[in-house]
Amino acid sequence: MSDTPSTPSAPATPVLEMADVRKSFGPVAALRSGTMTVEPGSIHALVGENGAGKSTLVKIVAGVHRRDGGTLRFEGADVDFTSTAESKGAGIAVIYQEPTLFPDLSVTENIFMGRQPLGRGRRIDRAAMLKETTEIFERLGVDIDPRRPALGLSIADQQIIEIAKAISLDARLLIMDEPTAALSGVEVERLFAVARSLRDEGRGLVFISHRFEEVFALCDRVTVMRDGAYVATTDIATTTPDAIVEMMVGREVGELFPKTVATIGEPVLEVRGLRSAGTFRDISFDVRAGEIVGLAGLVGAGRSEIARAVFGVDAYDAGTVTMRGKKVRPRRPRAAIAAGMAFVPEDRRKQGLVVDASVARNVASVIRRQLSSLGLLTGRAENKASGPWAGRLEVKTNALDMAATTMSGGNQQKVVIAKWLATEPQLLIIDEPTRGIDVGTKAEVHRLLSDLAGQGLAILMISSELPEVLGMADRVLVVREGQITAELDRTEATPESVMKAATAGAVPTELTPVLPDALLKEVGA
Amino acid sequence: MSATLTKSAPTPGAGGGTPGRGAAVRGALGGALRSREIAVAVVLLVVVAVATVRNDSFLLSADGWRDLLLTPSILLLLAAGQMMVIVTRSVDLSVGSTMALTAYLTGRLFIDVPGIPIIVVVLAGVALGAVLGLVNGVLVAYGQVPALVITLGTMYVYRGIMLTWAGSDRINAGDMPSGFLALGTKQVLTIPLLTIVAVAVVAVVGYYLHTARSGRELYAIGSDPDAAKLYGLKVPTRVLTAFVLCGALAGLAGVVHAARYGTVSSGVGNGIELQAVGAAVIGGVAIFGGSGTVWGAAIGAVLLVTINRALPILGIPDFWQRAVVGALILGAVVLDRVLALRQSRKYDEEREG
């Protein structure tokens with residue numbers, strides 16, 4: 001590589017030093033020991049599984065959250081940011097995965113909002129603002145009209161605006177949280193070129209990414225996190241993707257409820273060639289009776305979108321969904337229900353439950369048409385229909401007319417599952433079955449799913465928790481950037497094999513040109 | 001292959017690939033933005049022209065000319081204030097009640113404090129409006145309850161206070177000094193003084209929204225409140241400011257009402273809050289915040305008032321007059337939606353192409 005990191009003459013003060021930074025939300029420790037040191041003129045990668053605490057760490061540096069403990073130093077001085085304005089004022093810029101721009105305002109205003117150059121009489125000096133924007137864009141070599149509104153810009157261009165913002169702030173530290181997730185190969189290369197030139201100016205950069213080839217192509221050092229804690233920091237030159245994966249997943253599987261053996265029958269669900277522009281493509285898989293298929297992958301890989309398309313909530317551009325040999329009409333959740341599908345969404349409070357309604361009403365909500373007579377639905381019919389289900393799933397509630405909102409997350413989840421079981425489905429699609437559920441109840445939900453599979457129900461389970469996928473699934477499909485990159489049998493699925501397929505396993509075609517062959521060889525990919 | 005890639009560092013922009021699209025977008029967009037105010041102004045001119053053809057005293061008599069300019073002044077003030085609130089993705093339904101309270105305060109001060117200087121009364125009206133706006137602002141900005149609900153509540157509360165305070169009282173022209181009432185009829189170069197005041201207020205609001213940081217931040221907050229937080233903008237303070245300014249202008253509108261009509265009854269400003277919202281929407285202020293100009297809201301206000309006065313002249317029955325105003329608002333909203341869809345489709349095509 002000809003672009004050598006700048007070599008400061010004296011041992012420079014690190015831009016950012018974090019040691020043992022802690023943060024809890026209620027009883028949940030999101031960050032147990034955040035530790036990282038970023039040198040000026042370097043690009044530092046931060047990697048870890050979903051939920052490893054990366055985002056919490058970033059938000060503490062950015063002043064979105066306040067830490068509970070630990071030390072945080074910026075350019076040698078202890079800091080304690082209480083707002084994003086403070087961290088920004090100190091010289092820290094954060095580019096979030098989802099760009100945060102004002103769609104109605106011009107590109108220039110977006111860059112300078114809140115700190116516009118002022119002329120006489122504290123009036124905004126629009127000419128100066130425009131001039132500086134033009135200069136920054138020239139430096140970045142981008143062709144975006146500074147006067148146009150941010151509305152309608154591509155994600156790549158929006159990210160350029162965010163970077164322009166950071167430059168105009170003269171940020172000493174620039175944190176990029178998965179900036180490349182939505183970019184094409186050319187756009188990634190443009191972003192990297194900008195990142196390198198910022199590094200060569202002596203700024204510190206933090207780069208969060210799940211794409212190892214990018215980490216190895218761009219970064220100088222890497223810090224690995226796991227379960228909210230610091231694992232290790234090494235030079236990129238002295239490590240390999242395999243070594244990093246090992247550090248990311250190194251933990252025991254098995255404290256969770258393992259799936260009991262079930263006889264696996266005929267295919268219930270058959271998905272062929274499903275495609276939705278910009279979200280996923282070439283999705284083909286089967287789910288058989290009595291089988292739990294795990295859909296693994298990183299957040300944002302397109303797993304939930306696939307499930308929503310299969311169930312008919314979202315439209316898709318091509319492909320077919322077949323239940324028991326019969327095609328299911330797209331974009332019709334009611335047709336999917338009629339065909340025997342049930343869908344427990346990720347956000348159960350918002351999409352799976354009427355939280356203020358009673359348990360009975362919730363359980364009966366999908367089958368309300370069958371229960372009603374003359375178009376009227378009585379509480380008695382609801383109670384009668386829901387009682388057995390609540391009992392079978394051991395929903396811990398004093399009365400069926402209790403509001404769902406008063407129950408624990410685990411019991412709410414059971415109510416949602418009961419609601420769908422009342423429709424007597426043949427396929428259960430369940431998105432993050434145990435998110436936000438305490439460890440004890442988690443095992444109960446797992447046992448329930450396992451029992452249901454044992455009774456012949458086909459289950460498609462989306463989960464970001466590796467142990468859950470590995471413990472429960474008969475088969476694991478790994479989704480990466482909208483494509484199934486691996487299909488692993490229960491025996492083949494290990495933390496390493498799943499993680500590899502989810503991150504660096506297969507290089508998507510459009511990224512290939514970005515990767516120098518020599519580099520790939522160097523890191524042994 | 002690796003050779004070409006290894007020297008990519010200091011030459012960014014090799015992959016720009018989207019030349020020359022700036023000018024076209026700018027032209028089209030500028031046209032669309034400008035055209036809204038112009039379009040409403042054209043409709044206004046047509047209405048005036050048709051009404052004048054039908055009855056030339058609508059425009060050409062001294063009274064007609066004066067009324068044409070004077071009648072919208074109250075709604076102009078309210079629309080200017082309302083517009084600042086709407087741009088932050090809120091709404092203030094209490095302005096009619098606020099105006100009623102300050103109009104009554106105006107009369108009350110003249111009765112209870114004989115010889116009180118007019119300027120003190122005007123300032124008192126504005127101050128009371130600002131305080132009422134502050135109450136709204138605090139509840140909305142810090143109570144985290146939608147403005148629609150909060151100001152619906154304060155609309156009734158403020159009206160209730162006014163009714164309790166006034167009882168069966170009614171302020172008549174005789175209760176107020178002639179110097180004050182003269183403000184309502186005074187003209188400068190045939191232009192009514194109150195209209196000049198209202199236009200000046202609109203100009204100041206327009207200047208503020210265009211050139212002050214805090215003015216621009218109102219747009220930013222309405223455009224994306226979450227982004228505004230991440231930018232570190234003082235969202236609650238700014239929202240509060242918008243409500244205080246809106247209340248203050250409603251207060252001024254109350255004083256103007258007293259001067260213009262010489263009487264204050266309990267029904268002052270009933271339903272005018274919705275006219276203020278309608279004026280802003282007709283003038284191109286997005287109801288979900290983030291865009292629109294005070295000029296648009298002002299022209300929308302003039303159009304609303306003028307249409308209401310012109311329709312009887314055109315012989316259109318009362319029922320249809322309301323329907324026409326409704327159609328105008330619906331038309332404005334549909335137009336906004338169509339334009340927005342077309343714009344976003346254009347951006348999509350640009351990106352694909």
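Colleague: Is Thr180(A) buried or exposed?
Modeller: Thr180(A) is buried, because 25 other C-beta atoms lie within 10 Å. Buried takes 20 or more other C-beta atoms within 10 Å of a residue's own, exposed 12 or fewer, and partly exposed is in between, with C-beta atoms placed from the backbone.

Before you go on, this is a predicted model: local features need pLDDT of at least 70, side-chain atom pairs count only at pLDDT 80 or more, and totals for chains, interfaces and linings use all residues. Residues are numbered from 1 along each chain as its sequence is written, and chains are lettered from A and ligands numbered from 1 in the order in which they are written.

Colleague: Where is Thr180(A) found?
Modeller: In the loop between strand 7 (173–177) and helix 6 (185–200) of chain A. Helices (H or I, at least four residues) and strands (E, at least two) are DSSP runs, numbered from the N terminus.

Colleague: And what does Thr180(A) touch?
Modeller: Val188(A), Leu191(A), Ser209(A), Arg211(A) and Glu214(A), leaving out residues up to four places away in sequence. Contact means C-beta atoms, placed from the backbone, within 7 Å.

Colleague: Switching to the sheet. What is the strand order in the open sheet of six strands?
Modeller: The order is 16-17-18-13-19-20 in chain A, with mixed pairing. Strands pair if DSSP finds at least two bridges between them.

Colleague: Which strands stand at the edges?
Modeller: Strand 16 (341–344) and strand 20 (483–489) of chain A. Each has a single partner strand, so one side of each is left without a neighbour in the sheet.

Colleague: How many bridges join strand 19 of chain A to strand 20 of chain A?
Modeller: Six, and the two strands run antiparallel. In strand 20 of chain A, Ile484(A) is the bridge partner of Val479(A).

Colleague: What does helix 18 of chain A lie across?
Modeller: Strand 13, strand 19 and strand 20 of chain A, at about 30 degrees to strand 19 of chain A. Angles run from 0 to 180 degrees between N-to-C directions, and axes are lines fitted to C-alpha atoms, for helices over the stretch in contact.

Colleague: At how many degrees do the axes of helix 8 and helix 18 of chain A cross?
Modeller: Roughly 120 degrees, and the axes come within 10 Å.

Colleague: Last one. What is the mean pLDDT of chain B?
Modeller: 86, with 89% of chain B residues at 70 or more. pLDDT is the predictor's confidence in each residue, from 0 to 100. In chain B, helix 1 (residues 2–6) is lowest, at a mean of 33.

Key:
Two residues are in contact if their C-beta atoms, placed from the backbone, lie within 7 Å.
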